[in-house]
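Dear colleague,

I am passing on a structure that I would like you to look over when you have time. The model comes just below, and my notes come after it.

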Amino acid sequence: MGLEFFGIDPETNEEGSPTVWADLDQRRLVIQSDTVTGAVLVEVGETEWVAGHKPGVPAHESVISIPARMIPFIRKACDAIERAGLQDPAPGDEELGRASGDA
């Protein structure tokens, strides 16, 4: 299956463009966008967002910023992963007997 392309930032120029793919083989979204720097990166890296979860951004991870106008492409990529039955259940959904995103 490999990568399935869903969209590129419509306001892009010829170089470096927020882009969204679904990697159906690896069961994940793949997103290219601007690397977060400065105060936002400091806040992300120094805040304990989940109790007991070590703050910081590991060397093998990146924090990116995605323009809100990319949301439709992200939704389409998420829908493709769900249609293929590749999503993992959201925490708490196992007890409810339903897939993530179901009402």
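This is a predicted model: local features need pLDDT of at least 70, side-chain atom pairs count only at pLDDT 80 or more; totals for chains, interfaces and linings use all residues.

Residues are numbered from 1 along each chain as its sequence is written, and side-chain values use heavy atoms, with hydrogens and water left out.

The chain has three helices and five strands, where helices (H or I, at least four residues) and strands (E, at least two) are DSSP runs numbered from the N terminus, and the elements follow one another as β-β-β-β-α-β-α-α. Of its 103 residues, 23% count as buried (under 20% relative accessible area with a 1.4 Å probe, protein chains only; exposed is over 50%, and partly exposed lies in between).

Three strands form an open sheet in the order S1-S2-S3 with antiparallel pairing (two strands pair if DSSP finds at least two bridges between them), and its edge strands are S1 (3-8) and S3 (28-32). S1 and S2 (residues 19-23) pair over five bridges, and Gly7 has Val20 in S2 as its bridge partner. Helix H2 (residues 71-83) lies across S1, S2 and S3, running at about 160° to S1 (axes are lines fitted to C-alpha atoms, for helices over the stretch in contact, meaning heavy atoms within 4.5 Å, and angles run from 0 to 180 degrees between N-to-C directions).

Asp23, which belongs to strand S2, is buried yet has no salt bridge, the nearest side chain of opposite charge being that of Arg28, 4.4 Å away (a salt bridge is a side-chain nitrogen of Lys or Arg within 4 Å of a carboxyl oxygen of Asp or Glu; Lys and Arg count as positive and Asp and Glu as negative, with His and the chain ends not counted). A polar atom of the Asp23 side chain does, however, lie 3.0 Å from the backbone nitrogen of Gln26.

By this rule there are two salt bridges. Asp9 and Arg69 meet at 2.6 Å, N to O, and this pair links the loop between S1 and S2 with the loop between S5 (64-65) and H2, 60 residues apart. Glu11 forms the other with Arg69, at 3.7 Å between the closest N and O atoms, and shared partners join Asp9, Glu11 and Arg69 into one network. Asp9 is buried, at 4% relative accessible area, whereas Arg69 is partly exposed at 36% and Glu11 is exposed at 60%.

Definitions and conventions: A polar contact is a pair of N or O atoms within 3.5 Å; within protein, one must be able to donate a hydrogen and the other to accept it, and residues adjacent in sequence count only if both atoms are side-chain atoms.
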